[in-house]
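Dear colleague,

Please find below the structure that I am handing over to you.

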Amino acid sequence: YAATKAASDHVARAWHETYGVPVIVTNCSNNYGPYQFPEKLIPLAILSALRGAELPVYGDGRNVRDWLFVEDHVDALLAALHGGVPGSTYLIGGGAERRNIEVVQAICRILDEETPSPDGTYARLIRFVPDRPGHDFRYAVDASRTMEELSWAPRHSFEEGLRATVRWYLANGEWCSRVQSGNYRGERLGLAHD
């Protein structure tokens with residue numbers, strides 16, 4: 001997976017160097033926010049907790065990720081589009097490194113406030129499971145050059161973005177049910193329906 005992402009970056013750069021295509025490459029840290037497919041950590045934890053299902057955390061939960069709210073990512077992409085230098089690569093990060101266990105615990109705390117469970121705190125559902133083979137200990141990027149050159153910075157703290165994300169999933173149960181029903185067949189998601 002990582003090799004194919006790197007290969008696509010190299011192909012884009014080759015087209016820039018060879019044919020002058022005005023390519024700008026961006027690499028980002030872990031995104032989160034509304035409409036994220038429920039297989040990813042944050043929506044999976046939210047939706048599993050709401051069902052009263054276990055919240056599996058790999059290993060001891062100390063794996064670190066830098067989290068980037070999706071709206072901040074969009075702002076960075078627009079900044080790169082309008083102010084980036086063709087042939088350049090911009091790293092986009094949220095400056096919000098957290099251990100996976102901290103992320104799941106934060107989700108549980110927000111759910112405890114927003115929609116308390118009669119069975120007690122959602123943290124009771126956390127279970128440590130064997131780590132995946134080859135699971136990277138840390139994913140993060142240094143976005144300082146991007147911030148300086150493009151005059152961009154994330155507008156949302158991790159705590160603000162996470163609370164907004166939890167609230168979005170709580171308010172959009174129908175969308176979540178459709179996506180999790182097993183009927184997804186590759187159609188475009190997130191469009192308004194009559």
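This is a predicted model: local features need pLDDT of at least 70, side-chain atom pairs count only at pLDDT 80 or more; totals for chains, interfaces and linings use all residues.

The protein chain has 194 residues, of which 35% count as buried. Seven helices and eight strands make up its list of secondary-structure elements. Along the principal axes, the C-alpha trace spans about 60 × 45 × 30 Å. Among contacts in the chain with a separation of 6 or more, 84% are between residues 24 or more positions apart.

The largest nonpolar core contains 30 residues, and I42, I107 and F158 have the most contacts inside it. Two or more residues are given to this core by each of α2 (41–51), β3 (55–58), β4 (64–69), α4, α6 and α7 (173–180). Helix α4 supplies the largest share, namely eight residues. Another core, of nine residues, lies apart from this one; A80, Y90, I92 and W152 are among its members.

The pairing of α4 with α6 deserves a description of its own. Helix α4 covers residues 100–114 and helix α6 residues 158–171; their axes are 10 Å apart and the packing angle is about 55°. The crossing of α4 past α6 is right-handed. On the α4 side, the residues that meet α6 are V103, A106, I107, I110, L111, E113 and E114, while α6 contributes F158, L162, R163, V166, R167 and L170. By class, this contact comprises nine nonpolar and four charged residues, with no polar ones.

Helix α2 is the other element to note. Its buried residues are I42, P43, A45, I46, L47, S48 and A49. Which elements cover the buried residues of α2? They include β2 (30–32), β3, β4, α4, α6 and α7. For I42, setting aside neighbours within four places in sequence, the contacts are Y32, W67, V103, I107, F158, L162 and T165. Two of these partners, I107 and F158, are named with I42 as having the most contacts inside the largest core, and both also belong to the contact of α4 with α6. Just after α2, G52 adopts a positive phi of about 80°.

With kind regards

Definitions and conventions: Residues are numbered from 1 along each chain as its sequence is written. Side-chain values use heavy atoms; hydrogens and water are left out. Axes are lines fitted to C-alpha atoms, for helices over the stretch in contact, and angles run from 0 to 180 degrees between N-to-C directions. Helices (H or I, at least four residues) and strands (E, at least two) are DSSP runs, numbered from the N terminus. A crossing is left-handed if the near helix is turned anticlockwise from the far one by less than a right angle, and right-handed if clockwise. Contact means heavy atoms within 4.5 Å. Ala, Val, Leu, Ile, Met, Phe, Trp, Tyr, Cys and Pro count as nonpolar, Asp, Glu, Lys and Arg as charged, and the others, Gly among them, as polar. A nonpolar core is a set of buried Ala, Val, Leu, Ile, Met, Phe, Trp, Tyr and Cys residues joined through side-chain atoms within 4.5 Å. Buried means under 20% relative accessible area, exposed over 50%, partly exposed in between (1.4 Å probe, protein chains only).
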